[in-house]
Amino acid sequence: MAQGNQSIIIGDYIITAFSDGLFQTTIDVTAPGVDKEMTQSLSGKTLTDPVFLAVNAFLVEGRGIRALVDAGTSDTMGPALGKLPENLIAAGKPLDSITHVLLTHIHPDHSNGLIDGAGNAYFPKADVLVQDEEYRFWIERDLSQAAHERQRGNMVRARASVAPYAARTTRIGDGEILPGIFAQKSPGHTPGHTAWTVTGGKDSLMIWGDTIHMAFLQLQHPEIAFIFDVDPELAVKSRLRLLDQTSADGIRIAGMHLDFPGFGIVRRAKTGYVIAAE
Ligand SMILES: [Zn+2]
């Protein structure tokens, strides 16, 4: 399993990738209804071959800030995941030294890792920054408004995950949230899904959360939805917008489900896009 870390520098910040582990699934689960032959020709995989999606988090350090972008899964998604805390500690980043957790969205593989198995904060000194609409959808809506049982379960867990941080949670909109660090709503995967862009000089890095889940399919065919998209059509629009924006403007990207360490540069291709590794 991928471990350790890899860093890039943007202005005054150093951004380091950390692995929470690998999520094992199959394409027929993650992209139901996707064309069988196309999948085979793009990825060399059948719909039922095992595929492994990375679950990454990124640490942004500089200007007195040590901000973790997303928090992994904790103990909720099996023994191949939940490695983020031990990987941070092994890299000399004590959990109580994390100053902020910037959430791309509230979903089990991004926010469950705010708390340990006993319900205590993994990052006891961190402020949590989360998009306002995202907070309302998962935390404040009545449970009876859940679209289905899985969503209801995620809402229940999300409430437990943010509870220890209640006094230190800031609900944000778009714009510069910390010095040189900008939030940009990219809704669809979830209602308040947010890309975080770290800027410095001429350089910038967009930590784009779940803009791409299955790079082997969605780069060439961004119209392919992911099973856990709350609003698949809107997710496709946001994906296309961010692929266009990052490829046109030379913004480097970091993705939570791109192969570890998840850094890259998006370029237009004959069909769709490619991501060149850093
Ligand atoms: Zn995810």
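Of the 278 residues of the chain, 45% count as buried, a residue being buried if 20 or more other C-beta atoms, placed from the backbone, lie within 10 Å of its own, exposed if 12 or fewer do, and partly exposed in between. The model is a predicted one, in which local features need pLDDT of at least 70 and side-chain atom pairs count only at pLDDT 80 or more, while totals for chains, interfaces and linings use all residues. Residues are numbered from 1 along each chain as its sequence is written.

The overall dimensions come next. The C-alpha trace spans about 50 × 45 × 35 Å along its principal axes. A compact globule of 278 residues would have a radius of gyration near 19 Å, and the 18 Å of the chain agrees with this; the radius is taken over C-alpha atoms, and the globule rule is 2.2 Å times the number of residues to the power 0.38. Among contacts between residues at least 6 apart in sequence, 67% join residues at least 24 apart, two residues being in contact if their C-beta atoms, placed from the backbone, lie within 7 Å.

The chain holds eight helices and 14 strands. These are DSSP runs numbered from the N terminus, with helices (H or I) of at least four residues and strands (E) of at least two. Seven of the strands form an open sheet with mixed pairing, in the order β1-β2-β3-β4-β5-β6-β7; two strands pair if DSSP finds at least two bridges between them. At the edges stand β1 (6-10) and β7 (169-172), each with a single partner strand, so one side of each is left without a neighbour in the sheet. Neighbouring strands of this sheet are turned by 25 degrees against each other on average, direction ignored. Within the sheet, β4 (residues 65-69) and β5 (residues 100-102) run parallel and are joined by three bridges, with L68 opposite V101 in β5. Helix α5 (residues 132-140) lies across β6 (127-131) and β7, at about 90 degrees to β6; axes are lines fitted to C-alpha atoms, for helices over the stretch in contact, and angles run from 0 to 180 degrees between N-to-C directions.

V69 touches, among others, F58, V60, W196 and I207.

A glycine is also found in a buried setting. G82 lies in the loop between β4 and α3 (84-90) and is buried, with 21 other C-beta atoms within 10 Å. Its contacts, not counting residues up to four places away in sequence, are D20, G21, G72, T73, S74, D75 and M77.

Three bridges join β8 (residues 175-178) to β9 (residues 181-185), and in their hairpin, with two residues between the strands, G180 takes a positive phi near 75 degrees. Strand β9 is joined in turn to β10 (residues 194-200) by five bridges, K185 having T194 as its bridge partner. The hairpin of β13 and β14 has four residues between the strands, and G272 in the turn has a positive phi of about 70 degrees.
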